[in-house]
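Please read the following briefing alongside the sequence and the structure.

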Amino acid sequence: MTSSNPLSDLKPDQLIDGVREWVSCETPPHDEPRLRAMAELAAHQAQSAGLRAEVLPVGATRLPLVRIVAEAPTAEKAVLILAHYDTVHPVGTLERNRIRIEGDRMFGPGSYDMKAGAYLALHALAALYRESQPQRPVELLLVPDEETGSRLSRTTIEARARDAAVALVAEPARVGGHCVTSRKGTGFVNVVAHGRPSHAGVEHAKGRSAIREIVHQALALEAMTNYAEGVTFNVGKIEGGTNRNVIPERASLQADFRVVTPEQAERVLATVRALAPVIEGVRLEVEAALNRPPFERSPQVEALLQQAKRVARTTGFQLDEISLTGGGSDGNFTAALGVPTLDGLGAEGDGAHTLHEHILVSSLPQRLRFWHSLLRDLAWASP
Ligand SMILES: [Zn+2]
């Protein structure tokens, strides 16, 4: 195990072994025993570096969130690091995407999104803390439910963000090692149509088709996509009816939407909540919400980016950014609270959420040095 070694002694092989150990813990959403095993491994590694680590239940569940703290002697605002240790992959994916190294690629489910990034952040923090106390506290949250929207962890993330000076998110780096400086907000819409059933042959005119209604609503939602403004709608699931000879009584749809600004989110939600049935005699139930607010590239984000770029240069690489990715992260929560946030600081690789998910082995030592220098710059230098 690598956790007893200072960073300077951490050999590339030990780094790979450390990431391998994390990836070999399968952590599908809502699987409490498996999530707990991973949470305890991470907490144990943090504690063996002298960091304070607690495993806390989130919401009304027993799903474990790991809170790791490098204490400071001052009451300065903290550097908050966000990572998640759940993956999208069901148990058994390890057999379909075995952990193996082929050339520069290390395969494994959840390696890129985002066990490697979480591991690097923790071990850079551990190495620094072994040497000295920071000038401002550093807090690392390892959340168990990011892949299902962080509904349970959101309260904790936002509470900790209120005490934070900056937030760093260890989500996967983008192609070329780019970090992420803004993300769209994400929301959902669920619509249920209640029609009137009848015999499709004998009493066709008496029926009110819930399927026909839901198709109208699906088209109305999809028509709200506006690429020029960055707004997209996707009806991703549709269900309804019972038999071909019955005018369907019930149908439903589930849609996802993405927006760039809070104003767009409000406009979209107002439009969606005002959806009315097209077919007379049909009743609609509409449920819609923004589950991740937009992460906008504020001047404070820009300043943090410039600082991270300087640090990256000192560790031998150029850090570039990509803006406005459609995918959300827990960085959306911190950025929306006005906390300067930099995202996509994890390992390089590709294939998130697929069976060819992998990281680039050569990126690990460089990224570890980068995390080490960035944290030193943000928390160990005098505030
Ligand atoms: Zn992720």
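In which helix does Met114 lie? Met114 lies in helix H4 (residues 111-131), where helices (H or I, at least four residues) and strands (E, at least two) are DSSP runs numbered from the N terminus. This is a predicted model, in which local features need pLDDT of at least 70 and side-chain atom pairs count only at pLDDT 80 or more, while totals for chains, interfaces and linings use all residues. Residues are numbered from 1 along each chain as its sequence is written, and side-chain values use heavy atoms, with hydrogens and water left out.

**Zinc site and the cis peptide**

- The zinc ion is coordinated by His84 through NE2, by Asp113 through OD and by Glu171 through OE, at 1.9 to 2.2 Å; donors are N, O and S atoms within 2.8 Å of the metal (3.2 Å for Na, K and Ca), and sites may look incomplete, as water is not among the atoms.
- Along the sequence, the donor residues of the zinc ion follow the spacing H-x28-D-x57-E.
- His84 in strand E3 (residues 78-84) and Glu171 in the loop between strand E7 (164-169) and strand E8 (179-180) are 87 residues apart, a pair that links distant parts of the chain.
- Both His84 and Glu171 are buried, a class that means under 20% relative accessible area, with exposed being over 50% and partly exposed in between (1.4 Å probe, protein chains only).
- Asp113, one of the zinc donors, is joined to Met114 by a cis peptide bond with an omega of about -10°.

**Salt bridges and the surroundings of Glu139**

- The count comes to 20 salt bridges, each being a side-chain nitrogen of Lys or Arg within 4 Å of a carboxyl oxygen of Asp or Glu.
- Arg52, Glu54, Arg67, Glu71, Glu139, Arg160 and Asp163 are linked in a network of salt bridges.
- Within strand E6 (residues 138-143) sits Glu139, which counts as buried because its relative accessibility is 4%.
- The side chain of Glu139 makes a polar contact of 2.7 Å with the side chain of Arg160; a polar contact is a pair of N or O atoms within 3.5 Å, where within protein one must be able to donate a hydrogen and the other to accept it, and residues adjacent in sequence count only if both atoms are side-chain atoms.
- Leaving aside neighbours within four places in sequence, Glu139 is in contact (heavy atoms within 4.5 Å) with Arg67, Ile68, Val69, Val79, Leu80, Ile81 and Arg160.
- Arg160 also meets Asp163 in a salt bridge at 3.4 Å, N to O, and Asp163 counts as partly exposed at 40% relative accessibility.
- Arg183 and Asp343 meet through their side chains in a salt bridge at 2.6 Å, N to O. This pair links distant parts of the chain, 160 residues apart, with Arg183 in the loop between E8 and strand E9 (185-194) and Asp343 in the loop between strand E16 (341-342) and strand E17 (349-350).
- Arg183 is buried with a relative accessible area of 2%, and Asp343 is buried with a relative accessible area of 0%.
- Glu32 forms a salt bridge with Arg36, the closest N and O atoms being 3.0 Å apart; because the two are four residues apart in helix H2 (residues 32-48), about one helical turn separates Glu32 and Arg36.

**Nonpolar surface patch**

- Ile211, Val215, Leu219 and Ile238 form a nonpolar patch on the surface, with about 340 Å² of accessible area together; accessible areas come from the Shrake-Rupley method with a 1.4 Å probe, and for residues only the protein chains shown count as cover.
- Patches are made of residues with over 30% relative accessible area and no salt bridge, like charges being joined within 9 Å and nonpolar side chains (Val, Leu, Ile, Met, Phe, Trp, Tyr) within 5 Å.
- Helix H6 (residues 210-222) gives the most to the nonpolar patch, with three residues, while Ile238 is found in strand E11 (residues 232-240) and is partly exposed at a relative accessible area of 47%.

**Ser209 and backbone angles**

- Ser209, in the loop between strand E10 (198-199) and H6, counts as buried at 16% relative accessibility, and its side chain reaches the backbone nitrogen of Ile211 at 3.3 Å.
- Leu324 has a positive phi of about 55° although it is not a glycine, and its place is in the loop between strand E15 (321-322) and helix H9 (331-336).
- His353, likewise not a glycine, has a positive phi of about 70° and counts as partly exposed at 42% relative accessibility.
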